[in-house]
Every structure is written in C-alpha cells, then in structure tokens.
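Visitor: I'd like to understand the labels used for this protein. Could you take me through them?

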Amino acid sequence: VTGGRDAVARVWDMRTKRQVHCLTGHDNTVGAILTKSVDPQVITGSYDSTIKLWDLAAGKCMTTLTHHKKSVRALCQPS
C-alpha cells in the first residue's frame, strides 16, 4: 500500500505490479498508512486531518475519524 500527495492510497499486487485498488476520499496528502494483519483492512492518515478505515476486499471506506485539528502524520498499532 502506498500513499502520496495526490490524496490517494493505492493497493498493489507486488507479483503482477498492478494496482488492485485506488482508495480515494482524502482531501490532502496521505501521510500515514497502517495495515491490519488479521482483517483485510488498511488505516490511512492524511494531512486533511482525517483518519480512514478501508475494507480492502471491497476497496471502500468503512469509517472516517475527524477529531484531529492538524495533519495526521503517523499511525501505530499497539502490540
């Protein structure tokens, strides 16, 4: 999964080098990405101050968190 200044996170198949999903919905740079190992889900954080949870099977946003006042630049998963 990659994120960039085009406000999009892209899911890739590394074997074929093809894009699987284009996760759109952020309004600014996608600066943080966290993958979930159990479920086919990805969490993205953006400079638009939002965090989104994505369903990778469908390529759709499941929910958006909007309580940050500034850019989201890092995400971490508790161990």
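This is a predicted model: local features need pLDDT of at least 70, side-chain atom pairs count only at pLDDT 80 or more; totals for chains, interfaces and linings use all residues.

Visitor: Why is serine 49 called buried?

Guide: Buried means under 20% relative accessible area, exposed over 50%, and partly exposed in between (1.4 Å probe, protein chains only). Serine 49 has a relative accessible area of 14%, so it is buried.

Visitor: And why does lysine 17 count as exposed?

Guide: Its relative accessibility is 70%, and exposed means over 50%, so lysine 17 counts as exposed. Lysine 17 also has a positive phi of about 60° although it is not a glycine.

Visitor: How do you know that E5 and E6 pair?

Guide: Strands (E, at least two residues) are DSSP runs, as are helices (H or I, at least four), numbered from the N terminus. Two strands pair if DSSP finds at least two bridges between them. E5 and strand E6 (residues 51-55) have five bridges, so they pair, in the antiparallel sense. Valine 42, for instance, has tryptophan 54 in E6 as its bridge partner.

Visitor: What makes strand E5 mostly covered?

Guide: Six of the six residues in E5 (residues 41-46) are buried. On one side these are Gln41, Ile43 and Gly45, and on the other Val42, Thr44 and Ser46. In a regular strand the side chains alternate between the two faces of the sheet.

Key. Residues are numbered from 1 along each chain as its sequence is written. Side-chain values use heavy atoms; hydrogens and water are left out.
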